[in-house]
Amino acid sequence: MQTANWQSEQIDRAGHEAEPTCGRADSRPSSGDGQTGKKRFERGRKSEREILDSSRAPCADFSVEKKMKYVLVTGGVVSGLGKGVTASSIGVLLKACGLRVTLIKIDPYLNTDAGTMSPFEHGEVFVLDDGGEVDLDLGNYERFVDIILTCDNNITTGKIYQSVIDKERRGDYLGKTVQVVPHITDAIQEWIERVAMVPVDGKEGPADVCVIELGGTIGDIESMPFVEALGQFSYRVGPGNFCLVHVSLVPVLNVVGEQKTKPTQHSVRGLRGLGLTPNILACRSVKPLEGNVKEKLSQFCHVPVSNIVTLHDVSNIWHIPLLLKKQKAHEALIEVLQLKGFAKEPQLDEWTRRANICDTLQDPVRIVMVGKYTGLSDSYLSVLKALLHASVACHKKLIVDWVASTDLEETMEKEEPELHKKAWHLLKAADGILVPGGFGDRGVQGKILAAKYARENKVPYLGLCLGMQIAVIEFARSVLKLPHANSTEFVPDAKTPCIIFMPEGSKTHMGGTMRLGSRRTHFVTTNCKAARLYGNANFIDERHRHRYEVNPDMVPEFEKAGLTFVGKDETGKRMEIIELPDHPYFIGVQFHPEFKSRPGNPSALFLGLIAASCGQLGSLLRTVCSENTTPRCHLTDGPMTPGPYRHGNLKEHSNGLANGNYHADDNGQHE
């Protein structure tokens, strides 16, 4: 698809090509003398003449500077409307139209990143390849659009203010009074422009469209600098390059029984008062908007009826891009961004099949999630989605039973006997057990008991990060008969420290000091379930987030007793994957494979857990080994077919719901 025609060159009035200012210490014009300006003008005139001459020449190599298109997604009335899903779905829709897409999330909080925030307060911390600890919405973006983002794709107030203060300390502002306007607002705009040009889809060159989600709700005090900056930004980039999608609520009062438009009217009025005018309204509601409601919104919000779409409740979140397509939201976006003739009709056949298959699954697979943040499902959002991806690929209806790890402990049997009984009932009824990551000693004993039950009763088990360390501690206590085996995270002076603090870590600073991001794991042997699930790869690259590791001095003792360490880092001293060879499926990993799981490409280890939990692991491994690939989901009405795994290196042969349930087809706000 040729896009050069709409990516017009940017030539300023002096005649020279406009230089990008993003990322520079000072974007202000030079304070040099008139001679400098004259030289620049002459260079500019020469540049313009060369361009004009080359345009007349036959077969001229006329390169044009790309002009980025921007889609801003804002929210009104209340928080939690699903702006992240809306932004992700817009990305899916534009990508299906043949356009390259990148996404940016703006979080108005003062934290530099999400790394030190409580999962109870903010949901999970999503980890990127580059080690960025970011908002969970970036996980939505990566899963939906199948891209690899960077930490700079998450803008926070803390990052912006820190960058401006650093410039001020260096003297970059040359003694000027540093203010919110223009310095903070300029920094925001420069950051957006810089990050938008970074490719995230593995191809060369920048994307065609950058989708920006502004966190929070319009009117929040903390987001005001961003609203002002984005108002200036929309004016700077000009008509045809900026589209504002406002997500708002159209509630139904039970007493009246009709859809009320007044909250959205006031939200749009507030938005316009801040210098931003919506081009498209995305209205959250229980049911589709009635015709007269759309007309009323159009009249009072000054938005065409054709540009008002309903985001009503659906059976599963994969229907949202299809909902937008059905209401021709892509046509509204293409018209506002002046992309007619360059974007094709969206092709979402596989996406449609996946959404429909998820709706029709009947045969259940029951997984128990034993964690300490079970009061908020968003705390384990990526784990839930990785389970969902794998269960859909295996054509099983996912049911997740939440078990608070503290409820499994002996002390709870005396304090809350009913909770204790219910927790153990759920654990014993599970087809598979998963222990996710976490920090701190609360609930650790319950997790150890869960790992012990899985090991002794041959129940499929997957331990992630802390879940792997828990399995090592349990094995040391039960098999090696070391009752004082523990982690120095929980007992700093443990007599038998089988989990120790990593030497390169920091004990004084919490933010950004862990072993973070994509790290390489080398398989010691391919004669193990983990390596076979990864397609007999020599190595894999997965994302990490931890401060503690298995004590390498104890590894020979563990392996002698039957616990194998089948994956290690490049030095061979840091343990990455454990496995019990005589167990149907008992695997622990130091990394977080859930962060790279995709709807069309489930995580290998999650796929293994689901397959083992429903009796399909043998056939899955035979399929993988015969094709020498990790299963990648190409959806049909039958079993999945394998495809190449992209995160590993294949061998070359010749050369808030404690003790509750989660159902995969429940409606939610996140993918």
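**Exercise 1. Charges over rings**

Task: determine over which ring the charged end of Arg354 sits, and treat Arg194 likewise.

Solution. 
Step 1. A charge sits over a ring if NZ of Lys or CZ of Arg is within 6 Å of the ring centre and within 35 degrees of the ring normal.
Step 2. For Arg354, the ring is that of Trp318, and the charged end is 5.9 Å from its centre.
Step 3. Arg194 lies over the face of Trp191, with 4.9 Å to the ring centre.
Step 4. The model is predicted, so local features need pLDDT of at least 70 and side-chain atom pairs count only at pLDDT 80 or more, whereas totals for chains, interfaces and linings use all residues. Residues are numbered from 1 along each chain as its sequence is written, and side-chain values use heavy atoms, with hydrogens and water left out.

**Exercise 2. Aromatic pairs**

Task: state how many aromatic pairs the structure holds, and classify the pair of Phe233 and Phe242 and the pair of Phe475 and Phe558.

Solution. 
Step 1. A pair of aromatic rings is described by the distance of the centres and the angle of the planes. Rings of Phe, Tyr and Trp (its six-membered ring) pair if their centres lie within 6.5 Å; planes under 30 degrees apart count as stacked, over 60 as edge-to-face and the rest as tilted.
Step 2. The total is 12 aromatic pairs.
Step 3. Between Phe233 and Phe242 the centres are 6.5 Å apart and the planes stand at 75 degrees, so this pair is edge-to-face. Both residues, Phe233 and Phe242, are buried (under 20% relative accessible area; exposed is over 50%, partly exposed in between, with a 1.4 Å probe and protein chains only). Ring pairs join Phe233 and Phe242 with Tyr70 in a cluster.
Step 4. Phe475 and Phe558 have ring centres 6.2 Å apart and planes at 50 degrees, so they form a tilted pair. This pair links distant parts of the chain, with Phe475 in helix α17 (residues 466-478) and Phe558 in helix α19 (residues 555-561), 83 residues apart. Helices (H or I, at least four residues) and strands (E, at least two) are DSSP runs, numbered from the N terminus. Phe475 and Phe558 are both buried.

**Exercise 3. Salt bridges**

Task: give the number of salt bridges in the whole structure. Then decide whether Arg236 and Glu193, Lys396 and Asp363 are buried or partly exposed.

Solution. 
Step 1. A salt bridge is a side-chain nitrogen of Lys or Arg within 4 Å of a carboxyl oxygen of Asp or Glu. The search finds 27 salt bridges.
Step 2. Arg236 and Glu193 form a salt bridge at 2.9 Å, N to O. Their positions are distant in the chain: Arg236 is in helix α7 (residues 224-237) and Glu193 in helix α6 (residues 180-196), 43 residues apart. Arg236 is partly exposed at 45% relative accessible area, while Glu193 is buried at 17%.
Step 3. Lys396 and Asp363 meet at 2.2 Å, N to O. Lys396 belongs to the loop between α13 (381-393) and β11 (397-404), and Asp363 to the loop between α12 (349-360) and β10 (364-371), 33 residues apart. Lys396 is buried, with 10% relative accessible area; Asp363 is partly exposed, at 39%.
Step 4. Glu474 and Arg455 also form a salt bridge (2.9 Å, N to O). Glu474 lies in helix α17 and Arg455 in helix α16 (residues 444-456), so the pair ties together parts 19 residues apart in sequence. Glu474 is buried at 1%, and Arg455 is buried at 15%.
Step 5. A network of salt bridges links Asp129, Glu142, Asp146, Arg543, Lys596 and Arg598.
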